[in-house]
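Work through the exercises below with the sequence and the model open. Each task is followed by its solution.

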Amino acid sequence: MNATTEAPAPTGSRTAVRVPDGFIMPDFGPRPGGAAAPATGEGVVGSVPTYAGPRKIAFICSKGNLDMAYPALIMGNAALSESCEVHIFFTFWGLDILNTKLNHKLRYTMTGNTAMHMPELGRLRPGAEHLSLPQQLGSLPGMTTYATRTMKKMMEAEDIPEIPEFLDMIAAAGAHLYACKLTFDMYKMLEADLHPACEGVISAADFIVISEGAQVIFV
């Protein structure tokens, strides 16, 4: 077991921070529009110490399923609300999220998804809402349609917009969206098929330059 030391809690915090010996906290610099972050890179939310993360975040979307389209959009929207600079690169199957001919009909399949469960089952038997559904059900006719419809209802209940509207929303909030040139050429796509907020069809090398200094999140 690694030895740990107790570091002083940030000003205003009642909780000490325990960190491994030799651990060096990166300093991400001041947060735009706010006070400079402490030299340790730490901040405080209420009485709980937290890290002042980077102010530039780049997401790489590589999956085109409905359940994989939302994570980057939700996290990107949250980052925008914290005044972060947000860049999103859509590549391979993730380019379907930007494709206006496809992004309104992305699907969710339970095949290969062992985390698939249904909250409604808890009404029949307490605890059943936490059980994973049998994988064999995913191969039955109509199950992908059913799973997709169920997920959309759950998202709607949480006031989460569908993909086209979500793209409109984060673009209006200042997110920068890009399509991968390699995938664009592979799919034989037309620029007219891309969401209007897409700022360009760029190469992976271009995105590496754009994301310099950013925290990169691969979805």
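**Exercise 1.** Which residues of H1 are buried?

The model is predicted, so local features need pLDDT of at least 70 and side-chain atom pairs pLDDT 80 or more, while totals for chains, interfaces and linings use all residues. Residues are numbered from 1 along each chain as its sequence is written, and side-chain values use heavy atoms, without hydrogens and water.

Step 1. Helix H1 covers residues 66–81; helices here are DSSP runs (H or I, at least four residues) and strands are runs of E (at least two), numbered from the N terminus.

Step 2. Buried means under 20% relative accessible area with a 1.4 Å probe, protein chains only. In H1 this holds for Leu66, Ala69, Tyr70, Ala72, Leu73, Gly76, Ala79 and Leu80.

Step 3. Their cover includes strands S5 (56–61) and S6 (85–90) and helices H2 (143–157) and H3 (163–172).

**Exercise 2.** How do the axes of H1 and H3 cross?

Step 1. The axes, lines fitted to C-alpha atoms over the stretch in contact, with angles from 0 to 180 degrees between N-to-C directions, come within 10 Å and cross at roughly 20°.

Step 2. H1 and H3 are therefore roughly parallel (angles under 35 degrees).

Step 3. Contact means heavy atoms within 4.5 Å. Among the H1 residues that meet H3 are Leu73 and Ile74; the H3 side includes Phe166 and Ile170.

**Exercise 3.** Is His87 buried or exposed?

Step 1. His87 lies in strand S6.

Step 2. Its relative accessibility is 5%, so His87 counts as buried.

Step 3. Beyond its neighbours within four places in sequence, His87 contacts residues including Phe59, His176 and Tyr178.

Definitions and conventions. Expected span 1.5 Å × (residues − 1). Buried < 20%, exposed > 50% of the residue type's maximum accessible area, 1.4 Å probe, protein only. Parallel < 35°, antiparallel > 145°, perpendicular 65-115°, else oblique.
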